[in-house]
Amino acid sequence: MTSKEITYTKKELASFFRLIGGTFICVWLLISAIVIWDIANELTEDAEELIERIEAVHYEGRALAKNLQGVSAAPCSEIHRKAMLKFLNQQAFIQAINYSAGNVACEVGTYAPFDTQRTLHHIEHFDLTINSLSARPEDIVGLEVNHGDYRFIYPSKVSAAFLLLNVDFELYFDAETVNQHLIGMPLEHRYYDEHASWWPDYALLVKSCSSNSAYCSILTYSPRQFLGVFIDWIGAISGIASLAAYLVYRLLKRRYQSRRDIGHRLLYGLENQGFYCQYQPIIELKTGKIVGCEVLARFRDDFGHLSPYHFIPEISAIKQTLPFTRLIVEQAISEINQVAESTSKQLKLNFNVFPQDFINDQFWAFVDEVSAKSHHLNLVVEITEDQPLDISESKRYTEQAQKNGIRIAMDDFGSGYSNLLSIQALNYDILKIDQSFIRGLENDAIVSSLLPNIIDISRKYELDVVAEGIEHEAQRDILIELGVQLGQGWLFGKPMSASDFKALLRDDRSE
Ligand SMILES: Nc1nc2c(ncn2[C@@H]2O[C@H](COP(=O)(O)O[C@H]3[C@@H](O)[C@H](n4cnc5c(=O)[nH]c(N)nc54)O[C@@H]3COP(=O)(O)O)[C@@H](O)[C@H]2O)c(=O)[nH]1
């Protein structure tokens with residue numbers, strides 16, 4: 001994985017999930033609008049269809065009645081029956097004609113007697129009788145229409161037209177003087193008996209009136225039906241959305257976890273200002289004068305700070321020592337060169353190098369390049385022998401660096417692999433005594449008893465000595481007595497920002 005792929009922080013994850021939530025709500029609102037629009041469309045079509053059917057029945061019955069009234073033969077005579085049969089054959093819907101007046105009765109066509117009859121209202125000399133209109137189409141027997149002494153029987157498929165899908169409807173006659181309910185559920189009575197008053201009567205209502213006649217229909221979609229459709233949609237969408245959200249969550253979580261991994265944090269930090277510099281003053285012990293500083297790298301990101309003891313070995317493990325050192329040194333030179341310039345001082349700038357980079361041409365090419373720009377600085381490369389050094393290789397680079405005015409310090413002398421052989425072979429300029437020798441110096445700690453010998457060695461090899469980790473004045477005084485020229489430690493200042501270091505330099509009255 002490259003560092004470019006690792007881009008998720010806690011904040012980014014939160015905004016990502018907000019985005020998913022927002023998208024989900026928007027999609028849901030859009031779908032809701034589409035569903036409502038679709039249901040309203042369907043209702044309108046059904047309402048219009050209902051009107052068309054009732055008009056077709058109305059006109060056919062009316063025309064037939066007119067024709068039959070023109071037959072002058074005696075009711076139920078042979079001629080009358082033949083005429084009824086002839087007219088019946090010309091009808092699109094009517095299935096049977098029944099004549100009944102006084103004690104004369106006859107019929108033509110196929111006619112199944114109705115079990116129950118519900119007579120609807122008288123409209124324009126028309127009596128509509130719906131028989132067994134029920135919610136189940138297979139129960140419908142038919143539709144019976146009365147006109148004077150004639151009765152027309154329509155087949156069940158015509159009645160079925162009134163049983164519109166799954167919606168509540170009302171068909172009514174809306175003439176100037178009459179407003180007559182025909183079939184269906186009268187709107188004004190709907191739900192009032194069955195439901196609590198807070199429950200709305202309908203969620204959607206569509207009205208359609210004929211342009212040829214006074215028939216009108218009203219179709220409504222009850223809240224329950226509406227809810228049912230939504231629940232189906234919610235189920236489907238939520239299922240898909242939950243699955244998608246879960247997959248995205250897994251993906252982000254995996255990335256987030258890998259992002260928390262220290263190696264990834266450091267890689268990301270190298271490209272995104274995760275590292276910054278602090279400076280610890282280096283002091284001339286006798287005078288207290290600040291002669292320079294050591295740059296110490298720091299790291300922080302959205303997950304918090306990491307100690308150098310934690311990230312330095314990791315930088316080495318992920319093979320980023322050179323890019324890391326370049327980043328730190330470039331930043332330090334830029335900041336401290338400015339400090340030196342503004343305080344008119346020539347300063348030592350000590351920086352640490354990994355042993356594996358010490359024998360790398362690229363590293364030295366970089367040092368040459370930056371030293372040319374650092375006019376107010378004397379660069380000191382500190383090398384820790386926490387890994388064995390290839391002495392013969394290192395010698396070549398040490399000599400070249402020294403020719404270029406760069407001084408070489410052995411860091412943390414007395415710890416790691418640092419040894420006397422290396423001092424002899426590598427021609428160092430400076431020896432930095434590890435702080436373990438300074439700790440307890442004022443109390444005659446055992447390790448401190450080695451100090452005079454270390455100082456003798458440094459004299460023998462003409463090395464400057466810097467004592468690290470000086471915390472107390474007593475330690476400083478003993479070191480001065482032993483002849484140590486330079487030192488650093490909390491007594492003089494903890495690692496600090498460039499601006500604090502500048503302020504410290506300005507306050508330095510030791511000169
Ligand atoms: N290759 C690089 N190594 C680096 C770099 N920056 C830091 N380091 C190495 O990390 C180790 C830990 O460093 P740090 O936590 O910054 O500790 C240093 C000082 O803060 C600390 N110190 C200084 N004075 C005192 C003191 O009086 N008391 C006390 N208890 N601690 C003190 O000691 C560390 C000094 O570091 P060094 O002189 O280099 O030994 C450490 O090994 C750093 O080298 C980097 O940029 N590159």
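Helices (H or I, at least four residues) and strands (E, at least two) are DSSP runs, numbered from the N terminus. Welcome to a predicted model, where local features need pLDDT of at least 70, side-chain atom pairs count only at pLDDT 80 or more, and totals for chains, interfaces and linings use all residues. Residues are numbered from 1 along each chain as its sequence is written, and side-chain values use heavy atoms, with hydrogens and water left out.

View 1. Helix 5 covers residues 262–271, and nine of its ten residues are buried (buried means under 20% relative accessible area, exposed over 50%, partly exposed in between, with a 1.4 Å probe and protein chains only). Among the buried ones are Ile262, His264, Arg265 and Tyr268. After helix 5 comes Gln273, with a positive phi near 55 degrees.

**View 2. Strand 1 and its two partners.** Strands pair here if DSSP finds at least two bridges between them. Strand 1 (residues 96–101) meets strand 6 (residues 150–154) in the antiparallel sense over four bridges, with Asn98 bridging to Arg151. Strand 1 also runs antiparallel to strand 2 (residues 104–109), joined by six bridges; there, Ala96 stands opposite Gly109. Two residues lie between the strands of this hairpin, where Gly102 takes a positive phi near 60 degrees.

**View 3. A nonpolar surface patch.** Phe17, Leu243, Tyr246, Leu247 and Tyr249 make a nonpolar surface patch of about 500 Å². Patches are made of residues with over 30% relative accessible area and no salt bridge, with like charges joined within 9 Å and nonpolar side chains (Val, Leu, Ile, Met, Phe, Trp, Tyr) within 5 Å. Accessible areas come from the Shrake-Rupley method with a 1.4 Å probe, and for residues only the protein chains shown count as cover. A salt bridge is a side-chain nitrogen of Lys or Arg within 4 Å of a carboxyl oxygen of Asp or Glu. Helix 4 (residues 223–260) gives the largest share of the nonpolar patch, four residues. Phe17 sits in helix 1 and counts as partly exposed because its relative accessibility is 34%.

**View 4. A negative surface patch.** Asp38, Glu42, Glu45, Glu48 and Glu52 form this patch. Asp38 belongs to helix 1 (residues 10–69), and its 39% relative accessibility is why Asp38 counts as partly exposed.

**View 5. Two positive phi values.** Asp412, in strand 16 (residues 407–413), has a positive phi of about 55 degrees although it is not a glycine. Asn427 lies in the loop between helix 11 (420–426) and strand 17 (430–433), and its phi is positive too, near 55 degrees.

Methods
Lys, Arg positive; Asp, Glu negative; His and termini not counted. Charge placed at Lys NZ, Arg CZ, Asp CG, Glu CD.
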